[in-house]
Amino acid sequence: MPLEILQIVPHLPPSISGVGDYACLLAAQMQAAHGLSTKFFVCDPSWRGDPEINGFSVERFDSHDASELALRLAAPDMPDMVLLHYVGYGYHKRGCPLWLARGLRSWKKALPGRCLVVMLHELYASGPPWSSSFWTSPIQRALVKSFVRMSAHTVTNLQSSRRLLARIMSNSANDFSVFPVFSNVGEPPSLPHWGNRRPRLVVFGNPAWRRQAYVEHQTALEDACAAFGLEEIVDIGSPCGVLPKFRVPVVLKGNLPAEEISAQLLNARAGFFTYPAAYLGKSGVFAAYAAHGVAPLTYAKNVAANGDGLSERDHFISTGSWYSYGAGELQRVGVAARAWYANHAIDVQAKGYSEIFQLLDREIARAAPAPLPVAYETEKLTA
């Protein structure tokens with residue numbers, strides 16, 4: 001019988017959700033390459049989607065009630081192993097899903113042989129005293145610690161998060177795995193000849209980040225186009241408001257399916273991002289650029305230290321340095337970004353997750369009580 005896991009997610013397509021896309025793509029790759037099947041458990045009562053996605057069954061949990069969650073997870077049709085995709089704000093509007101922690105704790109207590117693996121897409125928020133995150137941060141931090149304690153293994157997406165977890169849990173950093181996010185718009189097996197790419201710059205991602213690029217960093221975008229001979233900007237994503245006038249044409253593509261986004265990236269030389277450089281390991285936009293060999297560009301001050309093997313001038317270029325480059329440097333940076341990405345592409349991550357679950361499955365089998373003798377079972381049934 002093939003191994004099956006339950007993936008708990010806040011959302012799935014058709015909702016726009018990077019975490020949902022990550023879970024779906026991971027499920028498909030684990031099954032295709034390792035025979036590991038998935039059942040999805042969506043914890044958004046408002047989610048409207050099909051009861052099956054890409055051949056995997058989907059169940060929507062309509063109650064944020066801890067007792068009901070524990071009972072449902074303990075049902076006979078549920079897998080023994082659970083992968084929780086955790087981002088606090090996906091399960092609670094203030095990022096404090098106490099019901100989720102209590103439900104999983106009750107489930108684990110009732111069925112100690114079941115296994116939980118946690119992927120921490122986010123840890124906890126912080127902010128100034130006038131923000132709600134300032135007041136909820138201690139609760140969010142306590143919840144993360146609770147999930148880690150319950151987990152047979154914990155995964156996150158940044159080396160800095162790994163070090164933080166080691167510190168707050170008083171564990172070794174080696175107790176946690178790090179899988180930077182993979183591209184959710186495909187991973188082309190090969191790249192086109194650089195000369196066949198059009199001299200274009202892509203701006204891709206959610207409306208807020210893209211609007212920040214156009215409004216706050218217009219000069220950086222225009223200077224990049226001038227420095228590298230880029231003749232147009234291609235905007236991909238939901239509308240982000242009225243844009244300022246640029247010196248080069250801005251082509252609005254709107255929302256596109258993944259395969260068309262991939263085609264657009266393969267036909268461009270650069271992509272612009274505003275996501276903080278220190279956290280690029282969890283940026284789906286950066287992952288998409290890197291997977292497609294597109295040279296990532298950013299604004300001058302976005303060069304914070306990165307602990308995930310990325311460095312400015314090697315894997316991305318900022319406005320503070322690009323006038324010292326020639327147009328040919330885009331190709332070098334794009335190739336380097338793709339090489340960095342290859343170390344944690346989806347096939348690598350699916351293999352890592354599958355090995356974790358296969359190991360846990362063997363441990364569950366070893367810990368299971370031996371079956372009762374047939375004679376005893378017969379006596380008990382006829383007593």
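Helix 2 and helix 4 are oblique to each other, where angles under 35 degrees count as roughly parallel, over 145 as roughly antiparallel, 65 to 115 as roughly perpendicular and the rest as oblique. The axes of helix 2 (residues 66–73) and helix 4 (residues 98–110) come within 8 Å and cross at roughly 40°; such axes are lines fitted to C-alpha atoms, for helices over the stretch in contact, and the angles run from 0 to 180 degrees between N-to-C directions. Helices (H or I, at least four residues) and strands (E, at least two) are DSSP runs, numbered from the N terminus. The model is a predicted one, in which local features need pLDDT of at least 70 and side-chain atom pairs count only at pLDDT 80 or more, while totals for chains, interfaces and linings use all residues. Residues are numbered from 1 along each chain as its sequence is written, and side-chain values use heavy atoms, with hydrogens and water left out.

Helix 2 passes helix 4 in a right-handed crossing; a crossing is left-handed if the near helix is turned anticlockwise from the far one by less than a right angle, and right-handed if clockwise. On the side of helix 2 the contact (heavy atoms within 4.5 Å) is made by Ala66, Leu69, Ala70 and Leu73, and on the side of helix 4 by Trp99, Leu100, Arg102, Gly103, Leu104, Ser106 and Trp107. By class, the contact of helix 2 with helix 4 has 8 nonpolar, 2 polar and 1 charged residues, where Ala, Val, Leu, Ile, Met, Phe, Trp, Tyr, Cys and Pro count as nonpolar, Asp, Glu, Lys and Arg as charged, and the others, Gly among them, as polar.

At 13% relative accessibility His315 counts as buried, where buried means under 20% relative accessible area, exposed over 50% and partly exposed in between (1.4 Å probe, protein chains only). Arg313 is found in the loop between strand 13 (295–298) and strand 14 (317–318), and at 40% relative accessibility Arg313 counts as partly exposed. Although Arg313 is not a glycine, its phi is positive, at about 85°.

The strands include an open sheet of 8 in the order 3-4-2-1-5-6-7-8, with mixed pairing; two strands pair if DSSP finds at least two bridges between them. The edge strands, each of which pairs on one side only, are strand 3 and strand 8 (176–178). Helix 6 (residues 159–169) packs on this sheet, touching strand 6 (115–120), strand 7 (153–156) and strand 8, and the direction of helix 6 makes about 170° with that of strand 8. Within helix 6 the buried residues are Ser161, Arg162, Leu164, Leu165, Ala166, Ile168 and Met169, and just after this helix Ser170 takes a positive phi of about 55°.

Strands of a sheet pair through backbone hydrogen bonds, either parallel or antiparallel. In the parallel sense, strand 1 (residues 4–9) pairs with strand 5 (residues 81–86) over 4 bridges, with Gln7 standing opposite Leu83 in strand 5. Strand 2 (residues 37–42) and strand 4 (residues 56–60) likewise pair in the parallel sense, over 3 bridges, and the bridge partner of Phe41 in strand 4 is Glu59. Strand 3 (residues 52–53), by contrast, runs antiparallel to strand 4 and is joined to it by 2 bridges, with Ile53 opposite Phe56.

Strand 3 and strand 4 form a hairpin with 2 residues between them. Asn54, which lies in the loop between these two strands, has a positive phi of about 55° although it is not a glycine, and at 59% relative accessibility Asn54 counts as exposed. Most residues other than glycine have a negative phi, and most peptide bonds are trans. A cis peptide bond joins Pro13 and Pro14, with omega at about 15°, and Pro14 is placed in the loop between strand 1 and helix 1 (18–34).
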